[in-house]
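Subject: Structure handover

Hello,

Here is the structure I said I would pass on. My notes on it follow below.

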Amino acid sequence: MATILVNGQQLTVDDSFLSLSPDDQNFLVDELSRRLPPPVDSLPPPVDKSHIGQLWPISRDADGNRYFDSDAGILGALKRSVMLPGDVYSGKVQMNGPDGRISPEAIGRSLEFASTFIPASPGLRAGEGLVPGLSKSLRRPNSVEPPSSNALYAEAERNFEAMRNSGVDYSSDAVKTMAAAVQSKLEKRRF
């Protein structure tokens, strides 16, 4: 009796396997590797069937089983709205993130609070639940420091120098025609 390794599994074969030619042994091992199930660690990960309710307070766990979730749906939004002032006061909700900007959680919770306590249409009250990404669009963009005039001149000089050193000859008529076309397009767009 001999032991061989196929797909990470040890198989015991009888002595007749050892009497086969090396080509026949390889053929048999290949055939066994196709027929044996793959090792457990090479199986695809299980599918996560979890879901948080958007309208009703009913969610699903990873196995797909439904359960009552007081933090989901309209009930969850109402609960978070009522609890927002206390959560801010106690420090559970930070208004500013580590970058000094308003945190996404504060924006989302403030939208829920405002849509709960300000008279509005049902479509507006649904807010983030029906229009995903709405609260993310309300964050202020990062402020960008404009370059100085010296930095702009230095960059322009570097590009002009690269163009001069490229070894390409541009016809002055071609450059004039291109500049006139660009000027014409810009003048049309202005009005």
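**Salt bridges**

The count of salt bridges comes to seven. Please keep in mind throughout that this is a predicted model.

One of the salt bridges joins the side chains of D87 and R109, with an N to O distance of 2.8 Å. D87 belongs to helix α3 (residues 73-90) and R109 to helix α4 (residues 104-117), so the pair ties together parts that are 22 residues apart in sequence. Both D87 and R109 are buried.

E155 pairs with R158, and their closest N and O atoms are 2.5 Å apart. E155 and R158 are three residues apart in α6, about one turn of the helix.

An α-helix has 3.6 residues a turn, so residues three or four places apart point the same way. The two partners fall into separate accessibility classes: R164 counts as exposed at 52% relative accessibility, whereas E161 is partly exposed at 34%. Salt bridges with shared partners also join D87, E105 and R109 into one network.

**The chain as a whole**

The protein chain has seven helices and four strands. Starting at the N terminus, the elements come in the order β-β-α-α-β-β-α-α-α-α-α. Of the 191 residues in the protein chain, 14% are buried. The accessible surface of the chain is about 15400 Å², and carbon and sulfur atoms account for 60% of that area. Among contacts with a separation of 6 or more, 30% are between residues 24 or more positions apart.

**Nonpolar core**

Which residues make up the largest nonpolar core? The core has five residues, namely A2, I4, V6, V13 and F17. Strand β1 (residues 2-6) gives the most to this core, with three residues. V13 touches M1, A2 and I4, when residues up to four places away in sequence are not counted. In soluble globular proteins, nonpolar side chains tend to be buried together.

**Nonpolar surface patch and α7**

The elements that give two or more residues to the patch are α6 (149-164) and α7 (172-190). Helix α7 has the largest share of the patch, with four residues.

Is α7 largely in the open or largely covered? Of the 19 residues of α7, the number buried is zero, so the helix lies largely in the open. M178 is found in α7 and counts as exposed, with a relative accessibility of 52%, because the cut-off for exposed is over 50%. As for the length of α7, its 19 residues should span 27 Å at 1.5 Å a residue, and the C-alpha atoms at its ends are 27 Å apart, which agrees.

**Around S81 and helix α4**

S110 lies in α4 and is partly exposed, at 32% relative accessibility. S110 and S81 are 29 residues apart in sequence, and their C-alpha atoms are 7.7 Å apart in space. Leaving aside neighbours within four places in sequence, S110 is in contact with L84 and M95.

G108 is likewise in helix α4, and its relative accessible area of 21% makes it partly exposed. G108 is 27 residues from S81 along the chain, with 10.0 Å between their C-alpha atoms.

Best regards

Notes
Residues numbered from 1 in each chain as written. Predicted model: local features only at pLDDT ≥ 70, side-chain atom pairs only at ≥ 80, totals over all residues. Heavy atoms only, no water. Buried < 20%, exposed > 50% of the residue type's maximum accessible area, 1.4 Å probe, protein only. Expected span 1.5 Å × (residues − 1). Core = buried A, V, L, I, M, F, W, Y, C linked by side-chain atoms within 4.5 Å. Contact = heavy atoms within 4.5 Å. Salt bridge = Lys/Arg side-chain N within 4 Å of Asp/Glu carboxyl O. Areas by Shrake-Rupley, 256 points an atom, 1.4 Å probe, with all protein chains shown as cover.
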